[in-house]
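Here is a short note to go with the model. Please keep the structure open while reading.

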Amino acid sequence: MDFSLSDEHRMVQQMVRDYCEKEVVPIIKEADRTQTMHPSILPRLGALGILGICLPERYGGQGFDYLSLGLVCEELEACDTSLRVVMSVHMGLNSLAILQWGNEDQKQRFLTPQAKGEKYAMFGLTEPGVGSDVANMASTARRDGDDYLVNGEKMWISLATKAHHILWVARTNPERPNPHDQLSAFLIETDSPGVTRGDIHGKLGVRAGSTGWVNCADVRVPAANRLGEEGEGFKIAMSCLDNGRYTVGSGAVGLIRASLEASVRYANSRKAFGREIGKHQLVQQKIARMVRDYEMGRLLYLRAGWLKNQGKRNTKETSLCKWFATDASFEAANEAIQIHGAYGYSDEYDVERYLRNSRGAIIYEGTSEIHQLMQAGYALGYREDGDLRCELPAYDEAVWRG
Ligand code: CAA
């Protein structure tokens, strides 16, 4: 494994960092307070090419590798989690699934406009009654001639009121004995008759983001919009999560970094008992733990990104990265508040927002409990990754830039 960053990687990092510092830092506190996604965010991410960062140029993307996606997510979440969440749904859970599972027609109709930032995409798996237990979902899709009639409710959906289409998973084949074989995936345009959607307010964190619900009532979806074959919906959803979790894990590493940098700044300036608080050993211990977790989280996402570049199965490694980095980001933000003392408890400093933002990622895209079950399952020999069709295509610069 070679984890050295290329000049291109550094250029991508710097581009995202500059964007965040110049355009997002000045507006983020107010967006968080008012619980609104600033209208500039999606168009600017599109115009900068970030929404198509690791997609082939022939589909409107920028032609960079999958590692670049992790680097982008680290930079975005070092600024605010709501930015990284856009990449998680638009790219991780949607665009990469179309790249992996879509036919040429679907790549032209859906992937290309969303890679160019002309359209936005989201992911519909979670329902009011189902989160971890995917195979038990209530949403249905019944074949009717050349169409499917889709019914159901999806909940906690990022970009619910912003995106132009949703990757929707529903039960198509209840007669099959294995529930894993009963689901199928669809690309549903949000202007289709029967689609309704709304925002959810009052969340603990990611308040500058867009989260909501999407309902389908007898929505007619052409069979040409089915992603993969009938019955492949569970596997498609799981492969989406392999990519979404990568963006969540790498983003959480950015949140650890932000907590560390804020803590170092504060510890070097605030004095107590006659010296900077950074000179006190218990503050140093907290800083040391943030350094440790940042470096470990970073190695875990670089490994997952490297595996993706090779086209190798990475479900286990990505799950470990997501579990470790999200738990650690919550710890880091919590300790950052402790270092800031009472100031950390107010939104005069960013660390209270980091804590609120870090909490959701321990729940979404696989709770920490699900990831522990997965890791124990691999270790005990109860779980193994088969089906090699479930990989992203290996990154090939000549193809991506061709
Ligand atoms: N890629 C491809 N195929 C996969 C796969 C993957 N990553 N993981 C599993 N599969 C395949 C398996 O190979 C197996 O195939 P066969 O039947 O052919 O052998 C099949 O899928 C069933 O797999 P499992 O036996 O592992 O399934 P399980 O029922 O034991 O489920 C689980 C495992 C880990 C609990 C899984 O259901 C899971 O990850 N649950 C959490 C779901 C989740 O993350 N929800 C969050 C939703 S999205 C979100 O958070 C965003 C939002 O909306 C807020």
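The points below cover the domains, one interface and the ligand site.

1. Basis. This is a predicted model, in which local features need pLDDT of at least 70, side-chain atom pairs count only at pLDDT 80 or more, and totals for chains, interfaces and linings use all residues. Residues are numbered from 1 along each chain as its sequence is written, and side-chain values use heavy atoms, with hydrogens and water left out.

2. Domains. The protein splits into domain 1 (7-120), domain 2 (122-232) and domain 3 (235-400). These bounds come from an automatic or database domain assignment. Over C-alpha atoms, the centres of domain 2 and domain 3 are 28 Å apart.

3. Interface between domain 2 and domain 3. Here 14 residues of domain 2 contact twelve residues of domain 3 (heavy atoms within 4.5 Å). About 1000 Å² is buried between domain 2 and domain 3, and carbon and sulfur atoms give 69% of it. Buried area is the accessible area (1.4 Å probe) that two parts lose on being put together, summed over both. Leu 204, Val 206 and Glu 232 supply 44% of what domain 2 buries against domain 3, more than any other three residues.

4. Domain 2 and domain 3 share zero salt bridges (a side-chain nitrogen of Lys or Arg within 4 Å of a carboxyl oxygen of Asp or Glu). Four residue pairs between domain 2 and domain 3 are in polar contact, both residues at pLDDT 80 or more. A polar contact is a pair of N or O atoms within 3.5 Å; within protein, one must be able to donate a hydrogen and the other to accept it, and residues adjacent in sequence count only if both atoms are side-chain atoms.

5. Ligand site. How many residues surround the ligand? There are 24, and the closest are His 180, Arg 245, Glu 365, Gly 366 and Arg 383 (a heavy atom within 4 Å). A side-chain N or O atom of His 180 is 2.7 Å from a ligand oxygen. For Arg 245, the corresponding distance to a ligand oxygen is 2.9 Å.
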